[in-house]
Structures are given as C-alpha cells and as structure tokens.
Amino acid sequence: MQNEKLITNSIDASELSFNDFKSIVINDYKIAYESRQASVLGRREVLTGKAKFGIFGDGKEVPQIAMAKAFKNGDWRSGYYRDQTFAFATGISTIKEFFAQLYANPTEGADPFSAGRQMNCHFATKSINEDGSWNDLTQIKNCSSDISPTGGQMARLVGLAYASKLFRNNKELDYLKNFSVQGNEVAFGTIGNASTSEGVFFEAINAAGVLQIPMAISIWDDAYGISVPAKYQTTKEDISEVLKGFQRDAEHLGYEIYKVKGWDYPALCEVYENAIKVCRDEHVPVLIHVTELTQPQGHSTSGSHERYKSKDRLAWETEHDCILKMREWMLESAIVTEDEIAEIEKNAKIFVRNAQKEAWNEFLDSIKPEQKQVIDFVNGLAKHQPELSKVSAALASTADAQRREVFTAARKAIRLSAKVSSPERDAFLAWYKKQTELNFERYNSKLHTGGKESPDQIAVVEAEYNHLSKMVDGREVLNACFNENFARDQRLVAFGEDLGNIGDVNQGFAGLQAKFGELRITDTGIREMTIMGQGIGLAMRGLKPIAEIQYLDYLIFALNVLSDDLASLSYRTKGIQKAPVIVRTRGHRLEGVWHSGSPISMLLGSLRGLHLCVPRNMTQAAGMYNTLFRADEPAVVIECLNGYRLKEKLPNNVGSFTVPLGQAEVLEEGTDITVVSYGSTLRIIQEAAEELATMGISVEIIDPQTLLPFDKTNVCATSLAKTNKLLVVDEDVPGGASAYILQQILEKQKGYFLLDGQPETLTAKAHRPPFGSDGDYFSKPSVDDVIETIYKMMHDANPSKYPSIF
C-alpha cells in the first residue's frame, strides 16, 4: 500500500535510549529523503506533460521535520507552498495524495485537500463535515487551506493565533470543547524570505506583536526570490536583523527571535522545541529565521535556476544541501552505517516511485470508463452518420486521455448529429446530461458551504412593532441589535479601527465594550489586511467575528485577503473548511473623493463566494446581521453612511427578526416603469417618484437588498411583465454594478423578452465625487437626474403624451 503515513516524533534526550534516538533520527531521514524524491519525480512528471505545473519543497526538508516535531493536535498551520515535508511528517498528507493533487484528480478522497482544485503543495485538513457541522479540531493537526499569492497566508495566521488568546482568556468560551483546550494551541506560519518584503507580512508581524498571541512564524531563507537575490529584497539582506526591534525585553512586550541554519538537524530540533514551548506556554509570538537553505531544483517547473545563480552559488548549494548535511552528521555520529543509509535511500526511491505510479493509474482509471462510454456512444451514432467514426477513432487512439479530451469528443459528436434523430442519440444525450451534473460537482460546486446553517436555512422572522415602538436614530437600531446578539451568543466578537472605546465612528457599538469587555469588542490599529485575516482565522476556529473596515473605500486595502483567501475558501477546499466572517463597513452618498466610493463592481467581480448585502437603512441591516449571526457563510454588509441619524422605528424583536438574503422587495408599486437600485440611492428614487407621479408617471421601485445573491425569486422580472420598462440606478461607475444588475435581470431572469424599449442605466460619473454638496450633486445620481431620465424614457415611448423637456 503506497498511501501510508510516516510521522516524525519528538526527541527527549532525558528519556530516550540510544536505540530509540537512532530510530527517530532514521525515521526523520527517511521522511526527508522520500520528500526529496517526491520533488524530483514531481518535477519530472510536469516536464513530461502529465501535470500542468509544479512547485516543490526541496531544500527545506530538514527544518520542516524539526518544526513538525513541535506541532501538536489542535495546532494550526497557515503556510507556504513549499511545506510538503512538514505535511508528510505530521501525517497531514501522504506522498500518494501529494501526487494525486499534482495530477488534479477530482475523484473523491484522492486529493483530500482541494479535490483537484489546487496545484500541488496546497494542503488543508477537514474542519467540517458534508452538512457543514464542525469536526473536533482539538483532536487533529489542523492546516488552513493554502493559497498561492506570496505572503497571503500571513493575514489569516494572525486570526488563527488570536483565537487561542480568546479561548485562554475568555472563560465564557470554555463550553466550546471541540475548538480549543484552554487556548494552548499554537498557530504555525511559514513564508519564504523574499515574501517577507510583502506589506501583509509586516502588517501581520506588527499585529501579532501588539496582540501578544501564540504565533510561530518560520522564514525559509534560501537567499533568493525566484531570480532576485536577497540584496534586492531585504534591508541588510537579513530579515531577522531588520526585525531586531521586535525582540522583547524586560520593559517591552514583543517577540522571541531565533536564528538557525537550515542544514543543522540537532540545532533545528532544539530551537523548535524551545521556541514553541515559549510560544505555547507564554503566548508570546516567536520568529524562527532559518538560514542557509537551498533550492536544488529552482523556483518551479517553469525554469532553471542555473540561469541566474553563479557557479560558486550552485556549488555552495550542493555542499550545503540539508539532506546531505544530515546524512553526514548521521554517519559522523555513528547513528547509521553507509550501508544502512544506502538501503534507506534505495527503499525510499522505490516507495515514492510506486506511490506516484499508483496515483497516476488511479487518476487515469477514473476517466477510462467515461472514455469507453463516449467511444461506444459515438460508434452508435456512426451507424447513421459514418463520418462520426473519425471522432471515436481519434478518442480511442488518445493514450492517457483526460476528461477534457473525452468531453471535447462527446460534444463534437453531439453537435454533428444534431440533425439526425435516433435512439442512440437520445441515449447519448441522457448520459451527457447526467455527466454534466457530475462534472459540475467535480469542478464547480461549493462556492458556498451550503450546509445546514447556510443563510437559506435560517428561518424568516418578520420585524414586530406595536404602539409602543419608538422612533430612534438608525444607529440606535444597530446598537440594540448588536447588544441583544452579543448577550445571546458568546462566540460573537467584533474588532476594527475605533470600534471599541468610542463604539465606532457612527456609534453602532456605543457602550458595548464596557458591557461585554475588551476581549469581545476590540479596537485595532490601522491595518486592514490583518483585520480581515483576524476575522478569517477566528472564524476558522469556530468563533463568529465581525471584522470592521471603517469606510467602504478602505476595503480596497484588504481586497487581496478577501478575494484570494476568504471568497475562495469553500470552493478551493470543496467545502471541507469554512470561515463565516461578517465584514462590516459603510459607504455611499457622503461627500468627497475618499469617503464616497461605491466600488461595487470591483466587489462583485472579486468576492464571489461571499454574500454582498446592501441594506437601504439600519433596520434592514439589523435583519441581515441577525440572519448572518445564525448562519455559517461569510458576507460583506455595507451600511448607508448617511443613514445613521435618520429616524427609524425600533422593532420589538430587534435582535431576532431576520431579513432573508437574495429576497428583493417592492418598495413602491407602479405601472409605467420598473426602477431597480439599492442602498442610499433608493431614498433619492422615492423622492423623485413623488414628482413623477404629479406628471402622470407611476414608478415601481425595487430594492434587491443583496447583490450576491441577487433577487432569487425574480421579483424584477415579475415587475417588468407589468411595466415593460427598466431603469437601473447605481452609484458605481458607468458599466459597473449596473451592468451586473442588467445581466441578472435581462439574461438570467429573461427580462429582455418583457421590454418594449431599451433598458437604461443611470450611474455616477467615472470619477469619484469632488468634495462638497455640489460635488455630490454633479457626480452621482440626483433627484433631478432620476426624474429627467425616467421622463425621457416615457417620452421615447409616447412623445405625444410626454413632450420633451429639453
């Protein structure tokens, strides 16, 4: 069996006999050597065309084994795509699974990390079950799903470590037995030396130092970033020298910083044992700078490092290869003989080769039945159309056909047989339809968790009012909502700039830190990327975070973290991990370049996998929060920045009524034209509708409430069937979110067939608004703009009834 796990064990010299010590060291060498062979063979598989691309952990094997020795059940990894040896040494991955991922095998269980959706060395462990319920995370070695963007793992690492601090210090969380054992878990991070130049690295390092959390960051330093040497990457060519100011002392909190050579096995084991003990026991962040590492095969399969490394550097790398150095130390220390180590190496090569062959054969075997079925179906069609035999013959002659070749042939045969009906074709179409569903499950499913706690499963509870219900500022509705939910659910935490002490800049959290404590409602520094990462990590560990970005414009600073990591998490793991973060922000209709942005099209394009909520007032926002607090999928909620002091009626059940996501609402019924918009702009449309009514024009106003998802019950199309005219009003740039809304209504809801004239959009100008009320008026849709646009549409339809204004 080629799928066995070979796990490293810790070394305690005070308790081990020499034979036990020898056994552990030999086992470690075997893991390292097998990992190196996996890298060598993996590169060969890419270069021979069996896999598309490869990136490997060769040269980092020995320090990763030392790190794995300190990694315990309940701990978390947020790492770098060169950590394959660590994955092997902890039992997170087998070598066969490593190759299955290299081949992108989507067969269930083959690649347990991403179901064939990520390239090799992107690991993940199963946090949740098929129904979305949590596993016991204290009983496994946890690995958050890897992403490729360099440094991207650092943001979530902060949150994974911060969770341990909350679990240790907030006794109200003791009931969450499946997520933590008194906060003793360490969050291990890894990063390449060149990636420490990324801004998110410095954000995360600073945040962890401020928060004093059990975060252990290892820097694999091989002195290069692809072809660029350290002198162009890092001040002083040494990141731990740069970070010396973070070293804690008697007067200041900070880090413990360690530096160790990556080829020195005994020193590595000692450093990791000591560093992680400090990190775990004292909740102090630690940084382990692992130097003098090598990269024997270069950066990736896309090129050779001989192009940019000098002969002297290449010779040094050969001499200081960590596996060679460990081999020399084992022989010099009389732990093994030359014959013994040669036998280990020979067997390792055989084992890895067999694991690779088994993974490749299983990948092909999963496709061959489909290949044969298509050949048989096409041959059946060829009875009526002999020319189709060429299609089946070409497919039959394709050795090691992948699913793309199989379905290219199938679709071509179906197209070419469109004019020739036959029982064979009917059978083929039925098979193809079933396969389409299977392929959707293989390649397109799980954009959202879709479990038993998805927003769709949350009961709809209407807001309740009576004669005693008060009219209050909108901010007070939010404040009451947060107050009731924080009292109800101990898992809820909130953090952001100015959120804690002053209760946020618009007072939605006023007084709540004093009531619920600083551990639950917390101020942060100005660091948008790691605010988002803090939320992701906490959510992955079973908490319910509200991560606040003060203004919508500033969400751009964190868009990389939201898009690369959070939005793709469910999809890239095929639903084995989730992070139900609620991102709270505010925007729309304020004046000036930097506080009036409505970059909705940017969010729509980059945040598929999140829900995008655009409530028109604070009552609707509260209902959406109530839904999201009870659900388990991530969302962005954009509150109306100019609505906090507008009066609203306070629901009696402010902490429990819910607004369903994707449920559009008809705000005002009309017969002449359908107007669709969201957020603050709806108030402008409602004001315009009053004047239009005096002009004999009846406007139907629809608020989709959420843009992701959009109007799941086709309220817009139902309205169009009555009015036959459509205007989309949007604060985004021309062709921005308005284009998305048109696509949803005209194409997805088939609204095109209900129109009797051209649909129109009314948007902001292409630039951001200049400062002042005049800037807003001349840059974003105004009441006058709405009135005149709608009137012109009516004029175009009936000029005699609605004579031209201009």
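Mentor: Start with pairing: two strands pair if DSSP finds at least two bridges between them. Keep in mind that this is a predicted model.

Trainee: What makes E17 and strand E19 a pair?

Mentor: Three bridges join E17 to E19, residues 699–703. The rule asks for at least two, so they pair. The two strands run antiparallel. Glutamate 665 stands opposite aspartate 703 in E19.

Trainee: Where does that pair sit in its sheet, and why are E17 and strand E22 called edge strands?

Mentor: The sheet is open and has five strands, in the order E17-E19-E18-E21-E22, with mixed pairing. Strand E17 (665–668) and strand E22 (760–762) each pair on one side only, and so they are the edge strands. From one strand to the next, the twist averages 30 degrees.

Trainee: How do you know that helix H22 packs on this sheet?

Mentor: Contact means heavy atoms within 4.5 Å. Helix H22 (residues 681–694) touches E17, strand E18 (673–676), E19 and strand E21 (726–729). Its direction makes about 170 degrees with that of E19.

Trainee: Which strands does E21 pair with, and in what sense?

Mentor: E18 and E21 are joined by three bridges and run parallel. Threonine 674 has leucine 726 in E21 as its bridge partner. E21 and E22 are also joined by three bridges and run parallel. There, valine 729 is partnered by leucine 762 in E22.

Trainee: Why is the crossover from E21 to E22 called right-handed?

Mentor: The chain goes from E21 through helix H24 (residues 737–748) to E22, a β-α-β crossover. With the strands pointing away from the viewer, a clockwise path over the helix is right-handed. This crossover is right-handed, so its path runs clockwise in that view.

Trainee: What makes both faces of E21 covered?

Mentor: Buried means under 20% relative accessible area. Leu726 and Val728 on one side are buried, and so are Leu727 and Val729 on the other.

Trainee: How many residues of strand E8 are buried?

Mentor: Six of the six residues of E8 (286–291) are buried, and the strand is mostly covered. Val286, Ile288 and Val290 point one way, while Leu287, His289 and Thr291 point the other way.

Trainee: What pairs with E8?

Mentor: Strand E4 (residues 215–220) pairs with E8 in the parallel sense over five bridges. Isoleucine 217 stands opposite leucine 287 in E8. Strand E7 (residues 256–261) pairs with E8 in the parallel sense too, over six bridges. Lysine 261 has threonine 291 in E8 as its bridge partner. Between E7 and E8 the chain passes through helix H8 (residues 265–282), and this β-α-β crossover is right-handed.

Trainee: Why is histidine 767 called partly exposed?

Mentor: Its relative accessibility is 46%. Buried needs under 20% and exposed needs over 50%, so histidine 767 falls in between. Histidine 767 lies in the loop between E22 and helix H25 (773–779). Histidine 767 and lysine 780 are 13 residues apart in sequence and 9.7 Å apart in space, C-alpha to C-alpha.

Trainee: How many cavities are counted?

Mentor: Four of 30 Å³ or more. The second largest cavity has a volume of about 70 Å³. It is lined by 13 residues, and Thr449, Leu566, Ser570, Gly609 and Pro634 lie nearest its centre.

Note on methods:
Residues are numbered from 1 along each chain as its sequence is written. This is a predicted model: local features need pLDDT of at least 70, side-chain atom pairs count only at pLDDT 80 or more; totals for chains, interfaces and linings use all residues. Side-chain values use heavy atoms; hydrogens and water are left out. Helices (H or I, at least four residues) and strands (E, at least two) are DSSP runs, numbered from the N terminus. Axes are lines fitted to C-alpha atoms, for helices over the stretch in contact, and angles run from 0 to 180 degrees between N-to-C directions. Buried means under 20% relative accessible area, exposed over 50%, partly exposed in between (1.4 Å probe, protein chains only). On a 1 Å grid over the protein atoms alone, a cavity is a set of points where a 1.4 Å probe fits but cannot get out, and a pocket is an open set with protein on both sides within 12 Å along at least five of seven lines; lining residues have an atom within 4 Å of a point. Grid points are joined across faces, edges and corners, and a volume is the space filled by probe spheres set on the points.
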